[in-house]
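Have the sequence and the 3D view open as you read.

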Amino acid sequence: MRSTPMITALFGNRDYLRLFTAQVSALFGTGLTTVALGLLAYELAGADAAAVLGTALTIKMVVYVTVAPLVAAYTDRVPRRSFLVGLNVIRAGVALALPFIDQIWQIYLLIAMLQTASAAFTPTYQAVIPDILPDEREYTRALSAAQLAATMETLLSPMLAAAALSVISFHWLFVGTAIGFAVSAALVIATRIPSATAAAHGSLRERITVGMRIFAATPRLRGLLGMNLVVAAAGSVIMVNTVNYVRDTLGGTQSGVAMLLAANGFGTMLVALSLPRVLDRAGARPVMLTGAATLITGLGAAIALSLANAGDWRWGAAIAVWATVGAGTAAVLTPTGQVLRRSSRPADRPALFAAQFSLSHLAWLITYPIAGWLTTAAGFTTTWLTLAVLAAAGITVAVRMWPRHDPDELTHLHEAGTIDPALLTDAVRVDDRFYRHTHAYVIDAEHRRWPNEAERELAAA
Ligand SMILES: [Zn+2]
């Protein structure tokens, strides 16, 4: 792989390596909780487990969308290392309390606490990274590594859980979770974290505004919005419906639940590992659209499967469907970091990654309640059909918004007097009002809109 020396250089920084490992251990903790929580919800609610999980995951998303930006605004005012360690201690404590739960409301309370701590951890962690890695390119790579780690977590944790569940009961998974957070806390303690440089990347409001403005004005990012919806629609089936589908419809056990989740993870891993080469050749758009189409195919197959009455063949079919959804998810998510990088100047990247963080969570905020509550009220077929319609809307937005021909460099016009002349040294005067030049085009202070069709024709003339 071409990127190997860069990654090696990145991990040569020992403070970064410790912090990254801390993040990965915490992710594993979270991943094991996801599996254990599904089984706990089933133990307490039985057939209504989907509603419980839907609610718990909706609480998670509400917390992420509200708490994460708030904390991001204040991270430069708290002692960050103690803050990160404290958050991990809270998470470990909550995980240890989860096996003792016997009421559904207690799940909601503990999930709210756990996810508040997680939602505060992520932006703080992200704010620390640029101080440890002052080099802009290394920092961007670190952002991508973080995203890749999050993707890997969704696949490796269920596999680990599946293996563990064949020998122990699911209550012990929460112990694994607690260990993940404790290891994470220990690694943070061992990291030198420089004190915050006040608002190195602008105030919160500036960052959110900048990120959202770039999203709204860049065609390929509007396409990404649609893809976020497809991923959330299909992913909610996996996250919310797996436990009921396995236990009530297929008549399987805890290991059956973990096995389907692992199949999903396997699909993700297979595609994530084989993708970099394809991505170099084909570019992000066809790969991501293929991924989105794969997700919709998976949803369609799930709907067909929900109409089947009986038969052991459904296990094999379900494994294939869950793996297909995993594969589609990886094909959409893996190129996302590259698309964000391509669409912003280095200085605006943290803002754009933050905007994608919020916007993707908003998509889950729509799909989790549907997967949870509609399933309990109307069953799998109606729910999955509804999610498939949302996914179809998402892919339609993606295809229409993200033009097939999407070069990095655009020839465009600047009106005389509206831009610093120093930026126009290579420009050609078109008439008395406009200058024309060509360069890699991203939305920034000088380029606030995407050139429309008429402007591009004029520029090409
Ligand atoms: Zn320009």
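A residue is called buried under 20% relative accessible area, exposed over 50% and partly exposed in between, using a 1.4 Å probe and protein chains only. Keep in mind that this is a predicted model, where local features need pLDDT of at least 70, side-chain atom pairs count only at pLDDT 80 or more, and totals for chains, interfaces and linings use all residues. Residues are numbered from 1 along each chain as its sequence is written, and side-chain values use heavy atoms, with hydrogens and water left out.

**The zinc site**

Which residues hold the zinc ion? The protein donors are His412, His414, His437, His439 and His447, each through NE2, at 2.1 to 2.3 Å from the metal. (Donors are N, O and S atoms within 2.8 Å of the metal, or 3.2 Å for Na, K and Ca; water is not among the atoms, so sites may look incomplete.) Along the chain, the donor spacing reads H-x1-H-x22-H-x1-H-x7-H. His414 sits in strand β1 (residues 409-415) and His439 in strand β3 (residues 434-440), so this pair ties together parts that are 25 residues apart in sequence. Helices (H or I, at least four residues) and strands (E, at least two) are DSSP runs, numbered from the N terminus. Are these two histidines buried or exposed? His414 is buried at 5% relative accessibility, while His439 is partly exposed, with a relative accessible area of 22%.

**How the helices pack**

Two packed helices are described by the angle between their axes and the distance between the axes. Here the axes are lines fitted to C-alpha atoms, for helices over the stretch in contact, with angles running from 0 to 180 degrees between N-to-C directions. A crossing is left-handed if the near helix is turned anticlockwise from the far one by less than a right angle, and right-handed if clockwise.

| Helix pair | Axes come within | Crossing angle |
|---|---|---|
| α11 (residues 284-307) and α14 (residues 349-401) | 9 Å | roughly 165° |
| α11 and α12 (residues 313-333) | 7 Å | roughly 155° |
| α2 (residues 14-45) and α9 (residues 219-249) | 10 Å | roughly 50° |

Angles under 35 degrees count as roughly parallel, over 145 as roughly antiparallel, 65 to 115 as roughly perpendicular and the rest as oblique. By that scheme α11 and α14 are roughly antiparallel, and their crossing is left-handed. The contact (heavy atoms within 4.5 Å) includes Leu289 and Ile296 of α11 and Trp384 and Leu385 of α14. By class, it has 18 nonpolar, two polar and one charged residues. For those classes, Ala, Val, Leu, Ile, Met, Phe, Trp, Tyr, Cys and Pro are nonpolar, Asp, Glu, Lys and Arg are charged, and the others, Gly among them, are polar.

α11 also passes α12 in a left-handed crossing. Among the residues making that contact are Gly291 and Gly298 of α11 and Val321 and Gly328 of α12. The contact divides into 14 nonpolar, six polar and one charged.

With α2 and α9, the arrangement is oblique and the crossing right-handed. Thr34, Gly38, Leu39 and Tyr42 in α2 meet Met239, Val243, Asn244, Arg247 and Asp248 in α9.

**Two buried residues**

Arg91, in helix α4 (residues 80-97), is buried at 3% relative accessibility. Not counting residues up to four places away in sequence, Arg91 touches Ala26, Leu114, Ala117, Ser118, Phe121 and Phe181.

Leu165 belongs to helix α6 (residues 136-165) and is buried at 6%.
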